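Subject: Structure handover

Hello,

Here is the structure I promised to pass on. Please open it alongside this note.

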Amino acid sequence: MATGQTLTRYVADRKIDRAKQLLRQASPAIKVIAWDCGFDSAAAFSAAFRKATGLTPRQFREGVMH
């Protein structure tokens with residue numbers, strides 16, 4: 001399947017998509033989501049998520065939960 005993006009970008013986008021699914025739930029904790037999505041740390045996850053979405057994981061979760 002051709003996506004027009006690099007493999008690295010494709011994998012990163014899938015990680016963020018998975019994180020969004022998990023963040024729509026009240027649990028698990030954000031650091032657990034970071035590990036489950038393949039990030040080395042919560043800080044690395046937060047930085048990647050913010051770069052991709054413009055929001056921190058906490059801001060995203062609070063926005064979808066209200």
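Which pattern does the chain follow, read along the sequence? The pattern is α-α-α-α. The chain has four helices and zero strands. Helices (H or I, at least four residues) and strands (E, at least two) are DSSP runs, numbered from the N terminus.

A word on the source. This is a predicted model, in which local features need pLDDT of at least 70, side-chain atom pairs count only at pLDDT 80 or more, and totals for chains, interfaces and linings use all residues. Residues are numbered from 1 along each chain as its sequence is written, and side-chain values use heavy atoms, with hydrogens and water left out.

Overall form

The C-alpha atoms fill a box of roughly 35 × 25 × 20 Å, taken along the principal axes.

Of the 66 residues, 24% count as buried. Buried means under 20% relative accessible area, exposed means over 50%, and partly exposed lies in between (1.4 Å probe, protein chains only).

Among contacts with a separation of 6 or more, 49% come from residues 24 or more positions apart. Contact means heavy atoms within 4.5 Å.

Helix 4

Helix 4 covers residues 57–65, and its buried residues are Pro57, Phe60 and Arg61. They sit on the same side of helix 4, because they cover an arc of only 95° around the axis. The arc is that of the directions from the helix axis to the C-beta atoms. Arg58 and Gly63 are exposed on the other side. What do the buried residues of helix 4 pack against? Their partners are helix 1 (7–23), helix 2 (30–36) and helix 3 (42–53).

Helix 1

Two residues here deserve a look. Leu22 lies in helix 1 and is buried, with a relative accessible area of 8%. Beyond its neighbours within four places in sequence, Leu22 is in contact with Ser27, Ile33, Cys37 and Arg61. Arg61 is also one of the buried residues of helix 4. From Leu22 to Ala34, twelve residues on in sequence, the C-alpha separation is 9.9 Å.

Arg18 is in helix 1 too. Arg18 counts as partly exposed, at 43% relative accessibility. Its C-alpha atom is 8.9 Å from that of Ile33, 15 residues apart along the chain.

Best wishes
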